[in-house]
Amino acid sequence: MANLQELVARKRPGDKVDVEYIRDGKTSKTSATLKNFSGDTEIVKREIPKTYTFEGLQFEDVREELKSNLEIPGGAVIKSNANENWRKAGARNGFIITSVISDSGRNRITTAQEMVDFLENSKGEELVVLGLFPDGTEYYFEVEAN
C-alpha cells in the first residue's frame with residue numbers, strides 16, 4: 001500500500017496511469033485518470049495561511065473549505081494562545097472568532113487582520129468574543145483587550 005501511495009504522489013490530477021490488479025484470482029489491466037480530493041482534475045494549490053499576532057495571540061484566516069462547511073463568510077482562527085487573560089476567559093486554539101461586541105457595538109470579523117486591527121483599537125475595553133469551533137459548536141467568552 002505504501003508503494004502505491006508513493007507512486008500516486010508523484011503524479012498530478014489529470015495524469016493517466018496504467019493499473020494492474022487482481023480480482024477473483026485473475027489479473028486485469030485498466031487505465032485510470034487521477035483526480036484531486038474534489039473529484040476533478042484541477043491542480044490544487046496548497047493553501048498556506050498567513051498568521052497575524054497580537055499580545056501573545058496568533059490568528060489566521062479561516063480556510064475556504066472550513067468556511068464552506070460551516071457556511072460562514074469568514075473569521076479569525078485562534079492558531080495559538082500565549083495570552084493568559086484570553087486563556088482564563090476560555091479562548092482555545094482552533095476557535096473561530098466571527099464577531100466581537102465592544103463599547104462601540106457588535107463588529108463582524110471576517111479576516112485575521114480585521115481581528116488584530118480591532119484589538120489594537122479596543123485596548124482596555126471589555127469584549128464579548130463570539131464564534132464557533134470547527135465542529136460547528138457555538139461559543140462565546142468575555143475578555144479585556146490588553
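**Strands, helices and charges**

Lys67 counts as buried, at 17% relative accessibility. Here buried means under 20% relative accessible area, exposed means over 50%, and partly exposed lies in between (1.4 Å probe, protein chains only). This is a predicted model, in which local features need pLDDT of at least 70 and side-chain atom pairs count only at pLDDT 80 or more, while totals for chains, interfaces and linings use all residues. Residues are numbered from 1 along each chain as its sequence is written, and side-chain values use heavy atoms, with hydrogens and water left out.

Stay with Lys67 for a moment. Which residue does Lys67 form a salt bridge with? The partner is Glu64, and the closest N and O atoms are 3.0 Å apart. A salt bridge is a side-chain nitrogen of Lys or Arg within 4 Å of a carboxyl oxygen of Asp or Glu. Side chains of opposite charge can pair when their charged atoms come close. Glu64 and Lys67 both lie in helix α2, residues 64–70. They are three residues apart, about one turn of the helix. Helices (H or I, at least four residues) and strands (E, at least two) are DSSP runs, numbered from the N terminus.

How many salt bridges does the structure hold? There are two. The other partners to look for are Lys88 and Glu84, whose closest N and O atoms are 3.1 Å apart. Both lie in helix α3, residues 84–89. Four residues separate them in position, about one turn of the helix. Lys88 is exposed, with a relative accessible area of 66%. Glu84 counts as partly exposed, at 45%.

Now turn to the strands. Two strands pair if DSSP finds at least two bridges between them. Start with β3 (51–54) and β4 (57–61). They run antiparallel and are joined by four bridges. Thr51 has Glu60 as its bridge partner in β4. In a regular strand the side chains alternate between the two faces of the sheet. Strand β3 has a covered face, made of Tyr52 and Phe54. Its uncovered face holds Thr51 and Thr53.

Follow the pairing onward from β4. Five bridges join β4 to strand β5, residues 76–81, and the two run antiparallel. Asp61 stands opposite Ala76 in β5. Next, β5 is joined to β6 by two bridges, again in an antiparallel arrangement. Here Val77 stands opposite Ile96 in β6. Then comes β7. Strand β6 (residues 96–102) and strand β7 (residues 105–108) run antiparallel, with four bridges between them. Ile101 has Arg106 as its bridge partner in β7. A hairpin joins β6 to β7 through two residues.

Go back to the hairpin of β3 and β4. It also has two residues between the strands. Glu55 lies in this loop. Glu55 is partly exposed, with a relative accessible area of 41%.

Asp24 also has a positive phi, of about 55 degrees, although it is not a glycine. Find Asp24 in the loop between β1 (16–23) and β2 (26–33). Is Asp24 buried or exposed? At 75% relative accessibility, Asp24 counts as exposed.

Glu55 has another part to show. A negative surface patch is formed by Glu55, Glu114, Asp117 and Glu120. Patches are made of residues with over 30% relative accessible area and no salt bridge; like charges are joined within 9 Å, and nonpolar side chains (Val, Leu, Ile, Met, Phe, Trp, Tyr) within 5 Å. Lys and Arg count as positive and Asp and Glu as negative, while His and the chain ends are not counted. The place of a charge is taken as NZ of Lys, CZ of Arg, CG of Asp or CD of Glu. Accessible areas come from the Shrake-Rupley method with a 1.4 Å probe, and for residues only the protein chains shown count as cover.

Finish with sequence and space. Val17, in strand β1, is buried, with a relative accessible area of 19%. Val17 and Ala32 are 15 residues apart in sequence and 5.4 Å apart in space, C-alpha to C-alpha. Phe95 sits in the loop between α3 and β6. Phe95 counts as buried, at 0% relative accessibility. Phe95 and Leu4 are 91 residues apart in sequence and 37 Å apart in space, C-alpha to C-alpha.
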